[in-house]
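I am opening a notebook page on this structure.

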Amino acid sequence: MARGWFLPVAVVLGFVFLYAPIISLVVFSFNESRLVTVWGGFSTRWYGELLRDRQILGAAWISLQVAFASATVATAIGTLAAFVLTRFGGFRGRLLLTGMATAPLVMPEVITGLSLLLLFVSMELTLGWPAGRGLTTIIIAHTTFCAAFVAVIAQSRLRDMDESLEEAARDLGAGPVRVFFDITLPVIAPALVAGWLLAFTLSLDDLVIASFVSGPGASTLPMVIFSKVRLGVSPDVNALATIIIGIVAVSVVTAGVLIRRRAKREG
Amino acid sequence: MNALTRSPVWRGTAWLFGRLGLSGRGLVIAIPMLWFLVFFLVPFFVLGRISLAEPRIALPPYTPLFERGPDGSLQIIASLENYWFLWEDALYRNAYLSSIRIAVISTVFALLIGYPIAYYIARSPEPRQSILLLMVILPFWTSFLLRVYAWMGFLRREGVINNMLMSMGVIDTPLVMLQTDFAVLIGIVYTYLPFMILPLYANLTKLDSAHLEAAADLGASPMVTFFTVTLPLSMPGIIAGSMLVFIPAIGEYVIPALLGGPDTLMIGRVLWDEFFSSRDWPVASAVAIVMLVLVVAPIMWLQSVQNRRELD
């Protein structure tokens, strides 16, 4: 299987499959014609229309706020979960925490969304909090599944990390809190940055869970896009997609180059 | 940091927790534990409890679990009626079966497409390996919704594929691809392909090449080596990747809603409509609980595979 034509052809076709739809999305965002897939000449008019669309801009602002808050809280909780699972050995409830920190990764979104909504409604009836649904409930929901992703990334970094550094600090008399902040955290920091970024994009991207737990007046960007796209293809969505893809591609490639450089310098 | 641990506030708090019988260690465990308990585990119990209620037109739109009877006694109101309703109505049964069928078929296709790619990447020299890996992950970072939307432009009647085939003269009339089960399959395979490739790659890259050399030395052809050595050894990667595709695919809503036709039955879509259109919360909860039962076994399998990998 290592030789011959089969493998390279399969790989090339696989990458065409992954990238062709994205490339066509970008190309047709510069299309003059409203008929998204018929070429009517080069134009940037859809970008102009996008920037004048108050509904989309408002939703984008809400999404950014939600993503920033959820990614930050999720990074804290996910890191703690990962630290506890990799450094604390056996404790009561370990298996439970392992399960709860991994199941959100694969749990179908409709189940997570509906069950969280029902929790918020029951809590409001019995505890009086959260009053109504909106930004807060979306942030809590996103934090929960994003924390699971951060926990996975942080755990793999904590496992790979050389524990003798922490032992040395302890032998020199540092307390557990100091060891964590002075040794562990700086070492795993790049992984946490990656985790934060992943959490940020996952939150920015979520439609299903947000639809369940949001209230009136708190429509996130995916919710607005979805209601537009449901009615058919629309060129300003292509323009929006191109902007998002551009930002993501530039930042992922930059991060990749930076990590490689660092690895070269250290290695 | 030293300044912080020496500050009176810090010491006071530490003393207080000590008096309450809470160690720092216990507190560190408690934070993530409580968060996931309250916002991940408890919601399932709420879900289960509301699946036993009856719908009513009020706020909240379901009957309470406890109610005072006419004589003042506390009564528990719970019925399995919603589950009986799901069992009796062919719509729900077919939706579950069709979801499982679509999820299984897309998992198989994701495996068939993903395995060669993962194998090729794992066998590539650096820096090609890192670049290819980055190319697999890159689409995963861009919006999932927009990637599904991209397929709408590809598959529709006046879409890219039809235009291309017509201009090449392969077909005279446009093919109907959008709003079919076929489109849903493509959408699922496309969306979840990175989830298949990454665990496979992680597994294949650790494969000891000594095994392959030994097989070759003993006269096995590359084909025989692949099927008798590589494939069995990569089983944990195959299981992990397949479960990462299968489990979310079962409950998928966005893909059937955008790419599927009105007759594409998937349980995630049925749940969504039951909740947002019919506003029947108890039935929607029952649908979710049955779906949860369906995915629990695959989730356990995934976790046991991952635990074994950690022990190795």
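**Entry 1: one alanine.** I started at A:Ala81. Leaving aside residues up to four places away in sequence, A:Ala81 touches A:Leu97, A:Ala101, A:Ala147, A:Ala151 and B:Pro32. I count a contact when two C-beta atoms, placed from the backbone, lie within 7 Å.

**Entry 2: ground rules.** The model is predicted: local features need pLDDT of at least 70, side-chain atom pairs count only at pLDDT 80 or more, and totals for chains, interfaces and linings use all residues. Residues are numbered from 1 along each chain as its sequence is written, while chains are lettered from A and ligands numbered from 1 in the order in which they are written.

**Entry 3: confidence.** I looked up pLDDT for chain A, the predictor's confidence in each residue on a scale from 0 to 100. The mean for chain A is 87, and 97% of its residues reach 70 or more. Confidence in chain A is lowest in helix 11, with a mean of 81, and highest in helix 9 (residues 208–213), at 94. Helices here are DSSP runs of H or I with at least four residues, strands are runs of E with at least two, and both are numbered from the N terminus.

**Entry 4: the core.** Which residues have the most contacts inside the largest nonpolar core? They are A:Ala81, A:Leu114, A:Ala199, B:Trp151, B:Leu271, B:Val287 and B:Ala288, in a core of 161 residues. Helix 9 of chain B (residues 181–204) gives the largest share, 15 residues. Domain 1 (2–76) and domain 2 (81–311) of chain B both contribute, so the core lies between them. I note the definition: such a core is a set of buried Ala, Val, Leu, Ile, Met, Phe, Trp, Tyr and Cys residues joined through C-beta atoms within 7 Å. Buried means 20 or more other C-beta atoms within 10 Å of a residue's own, exposed means 12 or fewer, and partly exposed is in between, with C-beta atoms placed from the backbone.

**Entry 5: chain A against chain B.** I then took the interface. 71 residues of chain A are in contact with 74 residues of chain B. On the chain A side, helix 1 gives the most, with 12 residues. That side divides into 54 nonpolar, 12 polar and five charged residues. For these classes, Ala, Val, Leu, Ile, Met, Phe, Trp, Tyr, Cys and Pro are nonpolar, Asp, Glu, Lys and Arg are charged, and the others, Gly among them, are polar.

**Entry 6: chain B overall.** Chain B has 15 helices and two strands. Its radius of gyration is 26 Å, well over the 20 Å that the globule rule gives for 312 residues, so chain B is more spread out than a compact globule. The radius is taken over C-alpha atoms, and the rule is 2.2 Å times the number of residues to the power 0.38. The C-alpha trace of chain B spans about 80 × 65 × 40 Å along its principal axes. Buried residues are 41% of the 312 in chain B.

How far apart are the C-alpha centres of the two domains of chain B? They lie 36 Å apart. The bounds come from an automatic or database domain assignment. 10 residues of domain 1 of chain B are in contact with 10 of domain 2. The domain 1 side of that contact has seven nonpolar, two polar and one charged residues.

Entry 7: Most residues other than glycine have a negative phi, and most peptide bonds are trans. I looked for exceptions. A cis peptide bond joins B:Glu126 and B:Pro127, with omega about 5°. B:Pro127 sits in the loop between helix 5 (90–123) and helix 6 (128–141) of chain B.

B:Gln179 has a positive phi, near 65°. I found B:Gln179 in the loop between helix 8 (160–167) and helix 9 of chain B. B:Gln179 is buried, with 20 other C-beta atoms within 10 Å.

B:Arg279 also has a positive phi, about 55°, although it is not a glycine. The loop between helix 14 (267–276) and helix 15 (281–311) of chain B holds B:Arg279. B:Arg279 is exposed, with 12 other C-beta atoms within 10 Å.

**Entry 8: two spot checks in chain A.** Is A:Val233 buried or exposed? A:Val233 is buried, because 22 other C-beta atoms lie within 10 Å. Its place is the loop between helix 10 and helix 11 of chain A. A:Tyr19, in helix 1 of chain A, is partly exposed, with 13 other C-beta atoms within 10 Å.
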